[in-house]
Amino acid sequence: MTNTRRTLARRERELTLIHAVMVCILILILVQSLLLMVAVEGFLGDHRELLLPAAAGSGLCFAGACWLIRYIVRRPAGEKK
Amino acid sequence: MQTWQDDFPISWVDDHYVTRREFTKSLVLVSCSAFAANGALVVGSALSSRSAPATPAAIPGALALPVGGSKVFGFPGPLDPCLLVRLGEERFVAFGQRCTHLGCPVIYREQKRDLYCPCHEGIFDGESGRVVAGPPPRPLPRVKLERRGDELWALEVQL
């Protein structure tokens, strides 16, 4: 395999990884939005028992997003403009 | 020939280009803010539950209300409007006046015996405060009442 092909293949892999991480984080944000809606409804309707589980779920989603982002942060930037 | 681009060599497009990497990092910030908002709700709930309970207060002119009439009063404070309705000689009900949809003041309709929100046509049952029609998501908070001699007292708001 020539150097050019190796570079292209590596770049393709990196882009696939970035896209996968992006989609996963977007899904986590969507789940967090739903949990925030539940929490607001619980706060306004005095269903206080919903607040802590919603916050815990949101925290888990945020932790998941932080865990996913490390795949991008650790890798050197190879994207071209 | 010198063009104006030679005098201004900065590429606006390149300067404002957002890479996918940077965009994904910004998504984590969005996730952080959603988590912070959830946390703020938990803290707000904890703080509000520690505040002093509502002090019972007499409703002025309650017993002079005619049957089928309604009256606005402030409870627990002057900025918390409530609506007192006299359903019968000895039957009084009171609810928070703010519609649970977007906070417009509701009015009592004697003919239909319901509480009506004119903003988006929400309708609440006049006896229980539950939602009958329209966009409101929750029933009106009920004010617990007690007759003490010649006065009607508001004791607490029940959500």
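This is a predicted model: local features need pLDDT of at least 70, side-chain atom pairs count only at pLDDT 80 or more; totals for chains, interfaces and linings use all residues.
Me: What makes the link of B:C104 and B:C119 a disulfide?
Reply: The sulfur atoms of B:C104 and B:C119 are 2.0 Å apart. The cut-off is 2.5 Å, so the pair counts as a disulfide. The structure holds one disulfide over all chains. With -95° about the S-S bond, the link is left-handed. It joins distant parts of the chain, 15 residues apart: B:C104 is in the loop between β4 (92–96) and β5 of chain B, and B:C119 in the loop between β6 and β7 of chain B.

Me: Are the cysteines B:C104 and B:C119 buried or partly exposed, and how do you know?
Reply: B:C104 has a relative accessibility of 16%. Buried means under 20%, so B:C104 counts as buried. B:C119 has a relative accessible area of 40%. That value falls between the limits of 20% and 50%, so B:C119 is partly exposed.

Me: How do you know whether B:C82 and B:C32 are buried or partly exposed?
Reply: B:C82 has 2% relative accessibility and therefore counts as buried, the limit being under 20%. B:C32, with a relative accessible area of 31%, is partly exposed.

Me: Why is the pair B:R109 and B:D114 called a salt bridge?
Reply: The side chains of B:R109 and B:D114 meet at 2.9 Å, N to O. The rule asks for a nitrogen within 4 Å of a carboxyl oxygen, so the pair qualifies. Side chains of opposite charge can pair when their charged atoms come close.

Me: What surrounds B:D114, and why is B:D114 called buried?
Reply: B:D114 has a relative accessible area of 9%, which is under 20%, so B:D114 is buried. B:R109 is buried too. B:D114 lies in strand β6 (residues 114–117) of chain B. Leaving aside neighbours within four places in sequence, the residues in contact with B:D114 are B:I107, B:Y108, B:R109, B:I123, B:F124 and B:G126.

Me: What makes B:R113 and B:E127 a salt bridge?
Reply: The closest N and O atoms of B:R113 and B:E127 are 3.8 Å apart, and the limit is 4 Å, so this pair counts. The two residues link distant parts of the chain, 14 residues apart: B:R113 is in the loop between β5 (107–109) and β6 of chain B, and B:E127 in the loop between β7 (122–125) and β8 (131–133) of chain B. B:R113 at 39% is partly exposed, and B:E127 at 35% is partly exposed. B:R91, B:R113 and B:E127 are linked in a network of salt bridges.

Me: Why is B:E89 called exposed, and what does its side chain meet in a salt bridge?
Reply: B:E89 has 55% relative accessibility; exposed means over 50%, so B:E89 counts as exposed. Its side chain meets that of B:R86 in a salt bridge (3.9 Å, N to O). B:R86 is buried, with a relative accessible area of 9%.

Me: How many salt bridges are there over all chains, and what is the count between chain A and chain B?
Reply: The count over all chains is eight salt bridges. Between chain A and chain B the count is one. The side chains of B:R138 and A:E41 meet in a salt bridge at 3.1 Å, N to O.

Me: What area is buried between chain A and chain B?
Reply: About 2700 Å² is buried between them, and carbon and sulfur atoms give 69% of that area. The contact takes 38 residues from chain A and 25 residues from chain B.

Me: What makes B:E121 worth a remark on phi?
Reply: B:E121 has a positive phi of about 60° although it is not a glycine. Most residues other than glycine have a negative phi, and most peptide bonds are trans. B:E121 lies in the loop between β6 and β7 of chain B. B:R113 also has a positive phi, near 55°.

Me: Which residues does a cis peptide bond join?
Reply: It joins B:F75 and B:P76, with omega about 0°. B:P76 is found in the loop between β2 (70–74) and β3 (81–86) of chain B.

Note on methods: Residues are numbered from 1 along each chain as its sequence is written. Chains are lettered from A and ligands numbered from 1 in the order in which they are written. Side-chain values use heavy atoms; hydrogens and water are left out. Helices (H or I, at least four residues) and strands (E, at least two) are DSSP runs, numbered from the N terminus. Buried means under 20% relative accessible area, exposed over 50%, partly exposed in between (1.4 Å probe, protein chains only). Contact means heavy atoms within 4.5 Å. Buried area is the accessible area (1.4 Å probe) that two parts lose on being put together, summed over both.
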